[in-house]
Amino acid sequence: MNPSDPKKIVLGTRGSDLALTQARMVQAALEQKVPGRTVEIRIVQTIGDKRPDLRLSEFSAGPEPVDKGIFTRELEIALKSGEIDIAVHSLKDVPTELDDGFAIVAVLPRAAVEDVLLSKSAGGIGGLPDGAQVATSSVRRARQLRWLRPDLELVEIRGNVATRINKLAESESLHGTMLARAGLVRLGLLSEDGAKLPQWPDLHVEVLGASKFLPAASQGAVGIEVRADARPEVHSALAAINDTATMAQVTAEREFLHLLQAGCQTPVGLLSEIRGGELQLTALVFDDDDTTASPKSGSAAGSATDPRRIAKALFEGLR
């Protein structure tokens, strides 16, 4: 918390429309739950934002490789220097192993976790023409699509949400692309019934069931990172807005990735659900190198108060 004004919290975020929308959600939650605090939003540009020309896989290559934290490293630098008090992330972008001195201490209530297929033909994945070209920057989505439809041609795409949709709409070669439902909803781009994109009426929308097309770990979750030695006032303010059910889910999902020694670009689908105090965690794990290998899968359940134990059980039971 800013020592010159102990009632002000400086919130760091990336500058994309979605990142700013999520930052404003955190700002509103803090100002509502912690009266008397003011929250200032400060944009911090990350290496992932500075180099939109690179594929995500290319950040780990070259003379200055970035092995993790493509969309978080500069925010952590700002936290460490005291430039910001908290950093707001799309939690699925955050490495499962944080550097010493940092911690994810709060999450907002989770949004819808499903993936959405946008295409120029109706019928979802099955309705895509033979050999259709589908764009995605996610290896998880690409591997699940290829598993379901080996004939598809998967190509890389970068840019913010609207940019990617425009690329699809304007391209003569692209037939589809995939995005997270949470982002489309938060940006107000998807209709309430999830059936269409009003700004792109010629595109077809298919919300993919999360139990059949497994989402990314922490998809739909907004995470808040601080320095571990942040002032008690920072921790108490964030505790007031933390959603305990979402925290249990993402703790299990991130612990499972940690046990796998997986990163943000490892092809793993994860779904967690809480019913009656029990958390069920389901996984689909693809081979990093062999694109023809069938994925390993598994499921485990237990008390939502012990998410790491459930993750360990799932890890040990993968087949």
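A residue is called buried when its relative accessible area is under 20%, exposed when that area is over 50%, and partly exposed in between, with a 1.4 Å probe and the protein chains only as cover. Accessible areas come from the Shrake-Rupley method with that 1.4 Å probe, and for residues only the protein chains shown count as cover. The model in these views is predicted, and local features need pLDDT of at least 70, side-chain atom pairs count only at pLDDT 80 or more, while totals for chains, interfaces and linings use all residues. Residues are numbered from 1 along each chain as its sequence is written, and side-chain values use heavy atoms, with hydrogens and water left out.

**Helix α1 at L30, and its distance to A239.** L30 belongs to helix α1, which spans residues 17–33; helices (H or I, at least four residues) and strands (E, at least two) are DSSP runs numbered from the N terminus. L30 counts as buried because its relative accessibility is 0%. Between L30 and A239, which are 209 residues apart in sequence, the C-alpha to C-alpha distance is 9.9 Å.

**Helix α7 with its buried and exposed residues.** In this helix, which runs over residues 232–239, the buried residues are V234, A237 and L238. Seen down the axis of α7, these buried residues fall within an arc of 95°, so they line one face of the helix, the arc being that of the directions from the helix axis to the C-beta atoms. P232 and A239 are exposed, and both sit on the face of α7 turned away from its buried side.

E255 lies in helix α8 (residues 244–260) and R308 in α9, so the pair ties together parts that are 53 residues apart in sequence.

Side chains of opposite charge can pair when their charged atoms come close. R141 and D115 meet through their side chains in a salt bridge of 2.7 Å, N to O. A search of the whole structure finds 13 salt bridges, and a network of them links K8, E40 and R42.

**The loop at S218.** S218 is not a glycine, and yet its phi is positive, at about 70°. This residue is placed in the loop between β9 (204–207) and β10 (222–227), and it is buried, with a relative accessible area of 1%.

**The negative surface patch that includes D290.** D287, D288, D289 and D290 form this patch. Patches are made of residues with over 30% relative accessible area and no salt bridge, like charges being joined within 9 Å and nonpolar side chains (Val, Leu, Ile, Met, Phe, Trp, Tyr) within 5 Å. Asp and Glu count as negative and Lys and Arg as positive, while His and the chain ends are not counted, and the place of a charge is taken as NZ of Lys, CZ of Arg, CG of Asp or CD of Glu. D290 is in the loop between β12 (278–285) and β13 (296–303), and it is partly exposed at a relative accessible area of 34%.

**N166 in helix α5, with W200.** N166 lies in helix α5, residues 161–170, where it is partly exposed with a relative accessible area of 29%. The C-alpha atoms of N166 and W200 are separated by 8.4 Å, and the two residues are 34 residues apart along the chain.

Terms used. Salt bridge = Lys/Arg side-chain N within 4 Å of Asp/Glu carboxyl O.
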